Amino acid sequence: MPETPWWRRGVVYQIAVPSFADSNGDGRGDLRGIIERLDYLNDSTDTSLGIDAIWLTPINMSPLSDFGYDVSDYYSIDPRFGTMRDFDELVEECHRRGIRVVMDLVLNHTSIDHPWFVESRSSRDNHKRDWYIWRDGRAPGKPPNDWLAVVEGSAWQYDETTDQYYYHAFLPFQPDLNWRNPDVRREMLGVARFWLDKGVDGFRLDLVNCLYEDVLLRNNPPKLGPRPYLAQKHVHDLSQPESLEIASELRRLADEFEGRVLMGEVLTDMPDVCVDYLGDGTDRLHLSFYFDFIRIKWNSGAFRRSVRWLEEHIPRDEWPCYYLSNHDLPRSYTRLGGSHPRARAKVAAVMLLTLRGTPILYYGEEIGMPSSRVPRRMLDDPIGRKFWPLRVGRDGSRAPMQWSAKANAGFSSWRSWLPVDSSYRSRNVEQQGGRPDSLLSWYRQLLCLRKANQALHSGDYHEIDQVPAGVFAYTRQSGPEAVAVYLNFTAHRIACPRPPEPPPGRAWHVLLSTHEADRTSGLSHIRLMPNEALLIEAI
Ligand code: NOJ
């Protein structure tokens with residue numbers, strides 16, 4: 001049997017670079033800070049977290065007007081994050097520990113400050129004019145068509161210099177590159193090659209289905225939706241077939257190197273589009289983010305249905321990818337926690353780390369960092385700043401990592417670019433690391449189990465039928481190895497059916513439970529305690 005690739009077996013840890021660890025006291029996280037914390041992530045002992053790869057939010061040169069998703073030079077590192085030497089050292093140190101490094105690659109748009117755009121906007125006949133999407137308005141004061149930016153408002157920005165509009169799928173300071181121009185295509189694929197040559201193990205591709213737009217710029221048809229952007233069918237501005245071609249071209253490029261991964265952020269409310277980006281398993285992306293999963297409230301049936309949908313629609317040779325938090329979403333501890341956040345966080349951890357698929361763990365999720373309230377005057381996110389208080393923006397999920405109870409949560413010796421969440425005094429790595437019942441210890445145990453257990457990291461997925469409402473249960477199986485997972489989403493006890501017959505010659509035994517102490521009764525009946533996550537193994 002061919003060996004399972006690392007990006008299927010492993011767990012990816014997302015690091016929001018500005019908020020992880022500040023090595024020089026300027027208040028912002030940096031590459032050296034990450035190097036100093038690598039032992040925490042994986043030092044090959046079970047006192048470290050035990051992740052397999054890190055995904056870094058953008059570190060290229062940028063005005064940082066959108067957390068680095070506004071690049072002004074793709075070939076350099078922003079000095080606030082470090083130098084190219086720091087980057088090389090980070091990659092080397094990671095590789096020495098068996099940690100892979102995945103970079104965020106922002107191919108759809110640049111910063112308005114990128115020299116390409118500065119040239120492009122300077123005159124209609126500049127040689128970079130066609131690197132971006134410029135059009136005349138329909139009439140004075142009217143943009144070229146009805147397309148809306150993801151964050152609301154027209155996706156067209158009028159520019160006085162040349163009396164034309166430029167297109168931006170996201171914010172006005174993030175003009176879209178014109179991928180129909182062969183020079184743009186060549187340059188951006190060259191950017192990918194540059195970083196692959198430098199040894200990165202893959203990319204997280206920002207807005208990968210937004211690269212191309214309809215060549216005729218046709219209006220999007222209307223539909224019912226709660227806000228203007230969602231009241232359009234995005235048939236002409238998103239997910240054009242040419243963007244899929246780029247996914248394939250990037251795959252061919254990645255395949256020239258050994259063991260690289262492409263993880264795509266596919267922006268869509270149609271889950272089949274997310275599956276399209278995986279192709280037949282060999283010709284497009286390796287992993288594609290599944291937006292449906294993060295829209296779900298704490299509801300066992302909803303998670304079961306979401307997983308079932310993906311299991312039924314993903315090609316046989318393809319592999320799901322799940323996450324519960326990221327830098328754009330309220331943190332799962334708060335979003336899903338309700339009145340039992342600690343107990344639910346443990347159940348959520350089991351679900352994330354035992355479903356069939358690659359889990360992405362967002363920094364701080366392992367210690368239960370909540371979404372913070374960031375006062376208006378301290379907001380950094382352009383969405384929060386623009387729409388506050390209607391939309392508070394994304395800073396709440398980007399607070400500094402809580403390392404200890406020291407000043408600035410041990411994140412920085414001097415200050416912090418966003419306020420640390422007040423929970424840091426009692427919820428931090430130092431304090432949880434020493435407590436066997438902490439969420440951090442729970443994550444360590446689960447990661448360790450997952451690594452050692454073939455069924456958990458590579459096995460098939462089967463739903464366990466006829467479980468009572470409030471329970472999500474499934475088995476993972478690889479050859480004779482099998483694990484059954486029972487997740488009680490409720491705060492009361494629930495009796496469940498026994499799992500299916502174990503593989504021949506084996507019997508079910510308790511492997512791990514959030515309620516170990518209460519689990520003395522054997523497995524003749526499965527009675528779940530309130531908010532219990534139970535793993536049983538066929539031995
Ligand atoms: C998606 C990223 O996750 C988000 O943080 C960013 O603002 C947009 N893409 C624009 O690049």
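Let's start with the hairpin. β7 and β8 form it, with 4 residues between them. In the turn, D163 has a positive phi of about 55°. Strands here are DSSP runs of E, at least two residues long, and helices are runs of H or I, at least four residues, all numbered from the N terminus. This is a predicted model, so local features need pLDDT of at least 70 and side-chain atom pairs count only at pLDDT 80 or more, while totals for chains, interfaces and linings use all residues. Residues are numbered from 1 along each chain as its sequence is written, and side-chain values use heavy atoms, with hydrogens and water left out.

Now the sheet around that hairpin. β7 and β8 run antiparallel, joined by 4 bridges. Two strands count as paired if DSSP finds at least two bridges between them. D159 stands opposite Q164 in β8. On to β6. β6 pairs with β8, residues 164-167, over 2 bridges, again in the antiparallel sense. Here R135 faces Y165 of β8. Put together, the order is β6-β8-β7, an open sheet of 3 strands with antiparallel pairing. Which strands stand at the edges? β6 (134-135) and β7 (156-159) do; each has a single partner strand, so one side of each is left without a neighbour in the sheet.

The loop between β6 and β7 holds E152. Phi of E152 is near 95°, positive in a residue other than glycine. E152 counts as buried, at 15% relative accessibility. Buried means under 20% relative accessible area, exposed over 50%, partly exposed in between, with a 1.4 Å probe and protein chains only.

N531 also has a positive phi, near 50°, and is not a glycine. Its place is the loop between β19 (526-528) and β20 (533-538). N531 is buried, at 6% relative accessible area.

One more backbone item. The peptide bond from W388 to P389 is cis, with omega near 0°. P389 sits in the loop between α13 (382-387) and α14 (429-433).

Next, the ligand. Its shell is D66, Y69, H109, F170, R204, D206, L207, E265, H327, D328, R394 and R398. How does the shell divide? There are 3 nonpolar, 2 polar and 7 charged residues. In this scheme Asp, Glu, Lys and Arg are charged; Ala, Val, Leu, Ile, Met, Phe, Trp, Tyr, Cys and Pro are nonpolar; the others, Gly among them, are polar.

For H327 the distance is 2.8 Å. For R204 it is 3.0 Å. For H109 it is 3.1 Å. The protein covers 99% of the 300 Å² of accessible area that the ligand has on its own. Areas come from the Shrake-Rupley method with a 1.4 Å probe.

H327 has another partner. Its side chain makes a 3.0 Å polar contact with the side chain of Q14. A polar contact is a pair of N or O atoms within 3.5 Å; within protein, one must be able to donate a hydrogen and the other to accept it, and residues adjacent in sequence count only if both atoms are side-chain atoms. Q14 lies in β1, residues 12-15. Q14 is buried, at 0% relative accessible area.

Last, the cysteines. How many disulfides does the structure hold? The count is 0; a disulfide needs two cysteine sulfur atoms within 2.5 Å. For C94, the nearest cysteine sulfur is that of C321, 19 Å away. C94 is buried, at 0% relative accessibility. For C321, the nearest is the sulfur of C274, at 8.7 Å. C321 is buried too, at 1%.

Methods: A residue is near a molecule or strand if one of its heavy atoms lies within 4 Å of it.
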